[in-house]
Amino acid sequence: MAKSTLSFVCQNCGAAYNRWQGKCDSCGEWNTLAEEDTTGSVPVSIRSKRKGRTFALESLSGKTQDAPRLSSGMTELDRVTGGGFVRGSVLLVGGDPGIGKSTLLTQATSMMARAGHRAVYISGEEAVAQVRLRAERLGLADAPVQLASETSVEDIVSTLSEGAVPRLIVIDSIQTMWTDTVESAPGTVTQVRASAQALIRFAKKTGAAIILVGHVTKDGQIAGPRVVEHMVDAVLSFEGEGSQQFRILRSVKNRFGATDEIGVFEMTGLGLREVTNPSELFLSERELGSPGTAVFAGIEGTRPVLVELQALVAPTSLGTPRRAVVGWDPSRLSMVLAVLEAHCGVKLSGHDVYLNVAGGLRIQEPAADLAAAAALVSSLVNAPLPTDAVYFGEISLSGAIRPVAQTPARLKEALKLGFGRAILPESARGDGGGDAGLALNSVGNLTTLVAEIAARGTPRGGRREPGGDQSGSRGTDAAEKNATPARFRRETS
């Protein structure tokens, strides 16, 4: 018998060490090393030592066919996957606990089963009765989905190999699976990697599409070894806030489609409802005429999305002002604030800055710089922005407004939702000339936009009345002086 070999494996990144240590040198996490037996169940001395077989090599030229796809019955899910599930593909879906991963996959398997395809749902966390209760709540109890509660990968593969090949298999979740080939507890790096590899081999051999559900860490990353994300064909992230009814399915990796597509769902009492027009949904509760709000015309994949950016700039007595942002990159906010102060004379060192993306959407493209800057200046000088205007453009470190991609799609979506004007980079003005009825206000430098907004600013608390109290007048003048940037301050007689 071969001698058992013990190794200490990091449960966060998968790095292996020959002795225990408190900190992983690879990922920098503390107390993540666990003892595992890295010796396989079959001794090396009795393993087969066959010769490698030869295989044919082909050239790059030749006929290629598009991968056949199978629609899930959910338009938003098909959009993210690239048009449907590819035969033999393996998808990894991750998300926070309670976000709705099991609900989404239960609806997808039920729709495919009703369409006449064999769909199997295997849960390693819930009993069959619990899955049935969810299906009854969603009104899907009559769907011919095959259920099972099992965690052994060998038993799962043996059972699914009998009869017709399933078109869709859901494994919920991969962290609960275990295989006999390794001697480790379920959920460890070795078990997750080996279980995923066995299921991927089964998918490639039979042509069945498999969806693996993965847990996430406190940082939002999928738990387990990062190599699993490299092994699968697509990685989908299910995002959303617990207090919001909106859920966003985002493609992080996709070998058969785009990697920047999103699908928008709304959580209801009967499950997830697809949102075909997310722009109208995100702007449904918009407050008109309020300072510090700007509408951003963004692009998520091939879909234009209009969302509201909310900013609040408030004076602070602290030595270090607070900078808080939700739904946007904090580094981009810091850069925009630095450009406003360095090139536009907007002094924000004595103000707290809060920025929020309404609706729970997370924006990643730099085209939101112009809308964020407009919202910040609007809140600072107490000047409401035009309610029929949309903003998009990237701000450079010199204060210039740089053009962004897919300008016609952004303008078309704004026109469809009833907006009358668009503030966009000067070099992109000619891209949307065909949209009649939409006025285009081009901006070449951020200083010009800040001057226009500051000219409409009013002091908080009202204007000075003739013959009023002089002390109150001095207070109002001081408020106007603090609210308006120095280089755009209007002189009053």
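In this predicted model, Asp142 is exposed, having a relative accessible area of 61%. Its partner is Arg114, and the side chains of these two residues meet in a salt bridge with a distance of 2.6 Å from N to O. Arg114 itself is partly exposed, with a relative accessible area of 46%.

A second pair to look for is Lys204 and Asp233, which form a salt bridge whose closest N and O atoms are 2.8 Å apart. Because Lys204 lies in helix 5 (residues 189-206) and Asp233 in the loop between helix 6 (227-231) and strand 11 (234-239), this pair ties together parts that are 29 residues apart in sequence. Lys204 counts as partly exposed at 47% relative accessibility, whereas Asp233, at 3%, counts as buried. These two residues are also linked with Arg255 in a network of salt bridges.

A further pair is Asp388 and Arg421, whose side chains meet in a salt bridge at 3.5 Å, N to O. Asp388 is found in the loop between helix 9 (369-381) and strand 19 (389-391) and Arg421 in strand 22 (residues 421-425), so the pair ties together parts that are 33 residues apart in sequence. Asp388 counts as partly exposed at 27% relative accessibility, and Arg421 counts as partly exposed at 30%.

The pairs described here are among the salt bridges of the model, for which the count comes to 12.

Terms used: Residues are numbered from 1 along each chain as its sequence is written. This is a predicted model: local features need pLDDT of at least 70, side-chain atom pairs count only at pLDDT 80 or more; totals for chains, interfaces and linings use all residues. Side-chain values use heavy atoms; hydrogens and water are left out. A salt bridge is a side-chain nitrogen of Lys or Arg within 4 Å of a carboxyl oxygen of Asp or Glu. Buried means under 20% relative accessible area, exposed over 50%, partly exposed in between (1.4 Å probe, protein chains only). Helices (H or I, at least four residues) and strands (E, at least two) are DSSP runs, numbered from the N terminus.
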